[in-house]
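Please brief me on the structure shown below.

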Amino acid sequence: MILPWQLRDLSGGAGAVRLDGPTDTVAAALQELRARHPGVYDRICTETRELRPHVNVFVGREDIRWTGGLQTPLSEGSEVVILPSVSGG
Amino acid sequence: MPDLPVGLKAAPGDVILMVGTTKGAFLFRSDGSRSGWDVDGPHFPGEEVYALALDQRGGGARLWAAPGNPFWGAMLRRSDDFGATWSGKEECPVRFPEESGLSLNRIWQIRPARESEPERMYLGVEPACLFESADGGSTWTPVAGYLEHEHREKWTPGAGGLCLHTILPDPRSGDRMVVAQSTGGVYRTDDGGDTWRPRNAGVRAEFLPDKHPEFGQCVHKVVHHPARPERLFLQNHWGLYRSDDWGDSWHDIANGVPSDFGFAMAMHAHDPDTVYIVPLESDGFRCTPDNRLRVYRTRDAGASWQPLGDGLPQEGAYETVLRDGLDTDDAASAGVYFGTRSGKVYASADEGDSWALVREGLPPVVCVKAAVVR
């Protein structure tokens, strides 16, 4: 899982986290991330386990909005990229 | 990125001015004269800071801040060295239960509880709810009677969001507290938070077909004085009101103001009859009337109001002061402070009789809090 630079002080400086647990969906991968780096997870997801509105998640180059949302399937070696959207003022 | 803040060096008798903006928090310090100000900031650069507080109960001096990031969510942080370091960067300790279906959008108010309860604190948040802590702010839980309030599904957000922005504990009773939210209006508990009754009789809701509903009013701010806590002053979305009975009834006190629309309201620290407001022209043109920047003060509990503009721009001033953008300190000659959406901060060291610019060029100001260091 590739983390944006804004969250790397919450991951001990790591820009990428290798998740070896049962991560067959993006949702499962995020829960695995939560166990490793709860502060990073807290910035990505709300209390209701939904993505924050201005956080984008890609599997490879595909935005998960169009591939099943948090239930988007992952396979061995999948790369999940977390990025903030371009919204804001 | 801006220079890293280093914190303030503050001593007893100094005045701390905490300014929250849409792009970070700025801390100011002055000696008791309040004639010159050191500045430190921005703290939390790039993040909105709608709530700040200095908690000095129990002999301490703890700064609280609620930075919020439009991408990464809200956070609550504290500092015991006037901003040199801030704790609490990991998980936000303020969380709705997952089963509630709610998620924290913004912290609007940080309120230390009564002097006799130095470990108890309250938060007002969006979506509208009251949180409490019994361990000095380490852990937080939503007040169940408010979280599960039967009106919740009918509360609707104003332009700023569905925010609980006012928290007024009764200094004489641990069971009574008044809160206010926009929209929704005023609610009061008399049983320690188990139940909350709407207390809006007499407060108009101009934007609804029924102008006097039981709840649903767009109350912008409520203040009271600890020496006379049952008397409440209310700045409404159209309307200035006073209640002498903890909100059971309200009556109009818009006597001599250019507009009864506005957001900000602050209580004098020593005089229960003195209140400050900053009227705005209308909800359609949310700028100071007649292009003049004036604070209004009543010294007789709302029977009359006087404009205070000495030292403030009196032409070309299209200014807006938001609900938490006005505050007072408790120095012997009370200081009054406000910040504008155009990034200006003004201070008065003589109870509002004259004003001086503290700083301009800040991001839009959304919160101003002042305190004398004990």
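A salt bridge here is a side-chain nitrogen of Lys or Arg within 4 Å of a carboxyl oxygen of Asp or Glu. Glu117(B) and Arg114(B) form one, with their closest N and O atoms 2.9 Å apart. The model is predicted: local features need pLDDT of at least 70, side-chain atom pairs count only at pLDDT 80 or more, and totals for chains, interfaces and linings use all residues. Residues are numbered from 1 along each chain as its sequence is written, chains are lettered from A and ligands numbered from 1 in the order in which they are written, and side-chain values use heavy atoms, with hydrogens and water left out.

**Salt bridges**

- Over all chains, the rule gives 33 salt bridges.
- Arg62(B) bridges to Asp80(B), with the closest N and O atoms 2.7 Å apart. Arg62(B) lies in strand E5 (residues 62–69) of chain B, and Asp80(B) in the loop between strand E7 (77–79) and strand E8 (106–112) of chain B, so the pair ties together parts 18 residues apart in sequence. Strands (E, at least two residues) and helices (H or I, at least four) are DSSP runs, numbered from the N terminus.
- Burial is read from relative accessible area: buried is under 20%, exposed is over 50%, and partly exposed is in between (1.4 Å probe, protein chains only). Arg62(B) is partly exposed at 24%, whereas Asp80(B) is exposed at 52%.
- Arg114(B) counts as buried at 9%.
- Glu319(B) meets Lys344(B) in a salt bridge (2.9 Å, N to O). Glu319(B) is in the loop between strands E23 (306–308) and E24 (326–328) of chain B, and Lys344(B) in the loop between strands E25 (336–339) and E26 (345–348) of chain B, so parts 25 residues apart in sequence are tied together. Glu319(B) counts as buried, at 5% relative accessibility.
- Shared partners join Asp170(B), Arg176(B), Arg188(B), Asp190(B), Arg197(B), Arg199(B) and Asp248(B) into one salt-bridge network.

**A four-stranded sheet**

- Chain B has an open sheet of four strands in the order E3-E2-E1-E28, with antiparallel pairing. Two strands pair if DSSP finds at least two bridges between them.
- Strands E3 (38–43) and E28 (365–372) of chain B stand at the edges with a single partner each, so one side of each has no neighbour in the sheet.
- E1 (residues 15–21) and E2 (residues 24–30) of chain B pair over seven bridges. Val15(B) stands opposite Ser30(B) in E2(B).

**Leu280(B)**

- Leu280(B) is in strand E21 (residues 275–280) of chain B. Its relative accessible area is 0%, which makes it buried.
- Beyond its neighbours within four places in sequence, Leu280(B) has contacts (heavy atoms within 4.5 Å) that include Phe261(B), Phe263(B), Pro289(B) and Glu319(B).

**Interface of chains A and B**

- In chain B, 19 residues contact 21 residues of chain A.
- The buried area is about 1800 Å², with carbon and sulfur atoms giving 50%. Buried area is the accessible area (1.4 Å probe) that two parts lose on being put together, summed over both.
- Phe71(B), Trp72(B) and Glu98(B) supply 43% of the area chain B buries against chain A, more than any other three residues.
- The rule finds two salt bridges across this interface. Glu98(B) and Arg49(A) meet in a salt bridge at 3.0 Å, N to O.
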